[in-house]
Amino acid sequence: MTVQPVPSPAPDAFDLLCAQYARRMPASLEDLAGPTEGTVDLPLHVAWSGRRSYGLEQLRSRMGLYRTVLAEGQRQDLIEFLNRDLLIAQWPVLRTLISRPIKDAWEAAFPELTTATATTAA
């Protein structure tokens, strides 16, 4: 009689996406040294379809930039294009505009984002 090992369940797509986004994150929010004003032009490897230029003074434009970089950017892109203070300030709204795997991965890694959300809700 041969004993067959019990196969472990394959990770689901949600867990794989969370892990993918977690690998891209900076070590700390302090590493996010992106601009706070002016216009940001994203490289093609981040904004490969559609809009590439974003004005930081307009809230909708800034939210679009952050959504794109969070979804498509690699670690260096996150550091170069995102700003810690702007990310924290707009997180309560931004978290509703991004996918759940991105939101969950960032909030798990950086509890100060959930604190910013709780403060805004209070």
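Tutor: Let us begin with Met-25, which is buried, with a relative accessible area of 5%. Buried means under 20% relative accessible area, exposed means over 50%, and partly exposed lies in between (1.4 Å probe, protein chains only). This is a predicted model, in which local features need pLDDT of at least 70, side-chain atom pairs count only at pLDDT 80 or more, and totals for chains, interfaces and linings use all residues. Residues are numbered from 1 along each chain as its sequence is written, and side-chain values use heavy atoms, with hydrogens and water left out.

Student: Where does Met-25 lie?

Tutor: Helices (H or I, at least four residues) and strands (E, at least two) are DSSP runs, numbered from the N terminus. Met-25 is found in the loop between helix H1 (13–24) and strand S1 (39–41).

Student: Which residues is Met-25 in contact with, leaving aside its neighbours within four places in sequence?

Tutor: Contact means heavy atoms within 4.5 Å. With those neighbours left aside, Met-25 is in contact with Arg-75, Leu-78, Ala-105, Trp-106, Ala-109 and Phe-110.

Student: How many helices and strands does the chain have, and in what order do the elements run?

Tutor: There are 6 helices and 2 strands in the chain. Read from the N terminus on, the order is α-β-β-α-α-α-α-α.

Student: Is Ile-102 buried or exposed?

Tutor: Ile-102, in helix H5 (residues 100–109), is buried, with a relative accessible area of 2%. Not counting residues up to four places away in sequence, Ile-102 touches Tyr-21, Leu-70 and Ala-71.

Student: Which residue caps the N-terminal end of H4?

Tutor: A polar contact is a pair of N or O atoms within 3.5 Å; within protein, one must be able to donate a hydrogen and the other to accept it, and residues adjacent in sequence count only if both atoms are side-chain atoms. Asn-83 caps that end of H4, with a side-chain oxygen 3.0 Å from the backbone nitrogen of Asp-85. Another case involves Thr-68, placed in helix H2 (residues 59–72): a polar atom of the Thr-68 side chain lies 2.9 Å from the backbone oxygen of Gly-64.

Student: What can be said of the chain as a whole?

Tutor: The radius of gyration is taken over C-alpha atoms, and the globule rule is 2.2 Å times the number of residues to the power 0.38. The chain has a radius of 17 Å, whereas a compact globule of 122 residues would have one near 14 Å. The C-alpha trace spans about 70 × 40 × 25 Å along its principal axes. Buried residues make up 39% of the 122 residues. Of the contacts with a separation of 6 or more, 62% are between residues 24 or more positions apart.
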